[in-house]
Amino acid sequence: MQLNFCWKGKLPSQYVPLFNATAKNISPQFMEWFTAVSESQGRSLDWWVCNPSTRSPIMSPLFHYCCFLAFLQELMERNEPIVAVRTDSKAFHKILSHFIRVNSWPVRVVYEPPSLLQRLRSTLIQWYQRWVVPRDRLHRWWLAQRSVSQKKAIPFKPLTLIYTYYFRDAAESHNFPGLLDTLSDEEQATLYFVPKFYGIYPREFRKIFEQIRQSSKNYLLPEDYLRLSDYWYAWSHLWRIRRLRWKSIPFLGVDLVPLIQEEIESDRSLESAVDALLIYRFVQRLRESDLPVKRVMNWFQNQVMDRGWSAGFHQHFSQATSVGYQAFVGMFWQFNLYPMQLEKRHRLVPNEVAVTGNALVTPTQQFCSGLKVSVVPAFRFQGVWRERKPIEKPHPYTILIALTSMLGPRNEVLSVVHGCLQTGLHLPQTSPNPQGVRFAVKLHPINTPEQVRREFPGTWPDALEFVTGNFQDCLDQADVLVSSGSSVSMEALAQGVPSVVVGSQSGLSYIPIPDEVDEGLWRLCYTPKELSAALEYFQSRDPATLQNHRKLGDAVREGYFAKLTSHGVRQLLNLE
């Protein structure tokens with residue numbers, strides 16, 4: 001058998017559970033190795049804003065390659081009939097060849113060169129990252145300068161800044177609904193949002209800046225403070241990162257530094273590094289403008305932009321307190337979400353991380369035992385505390401499919417659902433659902449139905465119906481939720497709606513439900529057959545089981561979604 005060891009390649013389905021188990025076993029070893037590699041770079045901000053430093057299996061292939069090495073070792077110890085492995089990485093091809101030769105395994109390593117189309121795509125991505133990204137950021141700066149005369153006066157009072165995502169439609173209210181409602185006019189006057197733009201096309205920024213200038217909310221635009229020299233500093237990261245010197249620290253006996261260098265050379269992450277360095281220089285310019293900042297908060301995922309923000313405030317506003325608001329339940333493989341001791345020592349993370357439930361405190365401290373963690377309101381998830389609207393009867397048995405914005409996981413969910421439809425889903429027709437079965441598809445805010453249909457590999461299933469509106473309203477009418485790698489799974493459980501998580505059919509499965517949550521409330525499925533069985537199980541629950549599951553759902557709500565209160569908001573903003 002030949003295995004595909006490309007980063008986004010597919011493993012045979014019978015090996016996927018073993019691959020995930022192996023990955024879980026080597027995670028502590030990976031973190032030790034990563035810490036040692038990062039230690040050799042010290043406080044170099046260029047390292048900490050480049051893609052390999054994220055520790056994110058979603059953004060970087062580094063952890064996957066470590067898993068492949070350990071997985072191959074496990075297969076050889078089990079005497080599995082593996083005759084060859086293939087990879088599309090030149091660096092990993094050399095590393096694998098050495099690894100296999102040292103262990104004297106009868107396995108060939110096949111280098112799979114990229115096709116002409118793939119080479120063209122890589123060239124275009126590199127060209128986009130090197131030239132289009134800087135041009136777009138400068139164009140954004142120029143548009144902001146044209147409207148700078150409309151900037152509102154900023155009171156010379158101690159300010160609180162919130163760095164959070166700004167979407168095309170939802171703006172910052174997507175992440176902090178209800179926050180301003182608990183504050184007085186005087187308190188609102190000193191609260192400013194710093195927008196982190198996401199999913200907005202360059203041609204839309206003229207309109208976006210007009211909206212921001214005219215908004216009743218307070219904003220600080222980084223583009224109002226940045227200078228042309230700051231853009232040059234950010235762009236020249238392209239050359240500085242290539243001059244870093246690396247210390248060889250083996251993982252399973254092999255040197256993985258060539259993988260880091262290969263990823264850096266690809267320029268795949270230059271855009272995020274540029275934005276991180278720009279936000280770092282923005283904070284420096286704020287210091288030079290003498291604005292009296294007393295407290296800063298950011299939507300904290302420990303991504304490179306968060307590091308730029310934290311490093312800037314630690315260096316230039318050392319008296320200001322910083323809080324990272326982490327309003328989601330992290331998944332096991334998302335190492336990047338949780339700060340390391342080394343990141344804290346190098347002042348790359350906030351003074352405090354605020355989470356949305358007591359059950360999240362210990363996981364957040366898993367790599368940094370001295371990290372201060374507090375519990376604050378779960379702004380986005382207050383819908384779990386309201387009474388569910390009664391389901392209109394008669395109604396079809398409604399399966400709500402909540403899709404992530406990421407193409408791969410999104411199509412994996414849709415493919416498993418499609419296979420379930422093709423093989424036939426036979427739910428007992430009981431009195432509560434005489435109308436049959438309804439498959440309702442809820443998209444991520446940045447996606448459109450046309451885009452999702454176009455990017456689906458195959459004929460779009462006619463049985464899938466797109467639904468719009470507030471997610472809570474959609475959930476009110478749902479009997480079960482199907483999703484993958486999204487916090488909506490926990491949101492559903494907190495409201496007594498069972499959840500099905502579709503695992504990856506090819507590699508790491510991103511499971512958004514902690515081990516502590518009772519397994520009776522949810523199912524992990526890899527195949528259409530498993531999905532059908534899970535849906536049939538949840539549909540056939542008796543009243544006693546339903547009642548027990550609702551109680552377990554209440555425990556999820558209490559442990560992971562703190563209620564929005566005036567006291568909680570004021571504690572978060574240090575107003576008490």
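1. Helices α15 and α19 are roughly perpendicular to each other (the word covers angles of 65 to 115 degrees), since α15 (residues 407-423) and α19 (residues 528-539) pack at an angle of about 75°, with their axes 8 Å apart. Axes here are lines fitted to C-alpha atoms over the stretch in contact, and angles run from 0 to 180 degrees between N-to-C directions; helices are DSSP runs of H or I with at least four residues, and strands are runs of E with at least two, numbered from the N terminus.

2. This is a predicted model, in which local features need pLDDT of at least 70 and side-chain atom pairs count only at pLDDT 80 or more, while totals for chains, interfaces and linings use all residues. Residues are numbered from 1 along each chain as its sequence is written, and side-chain values use heavy atoms, with hydrogens and water left out.

3. Where α15 and α19 meet (heavy atoms within 4.5 Å), Val 416, Val 417, Gly 419, Cys 420 and Thr 423 of α15 face Pro 528, Leu 531 and Ser 532 of α19.

4. The disulfide count is 0, a disulfide being a pair of cysteine sulfur atoms within 2.5 Å. Cys 50 is in none, and the nearest cysteine sulfur, that of Cys 66, is 15 Å away.

How values were computed. Parallel < 35°, antiparallel > 145°, perpendicular 65-115°, else oblique.
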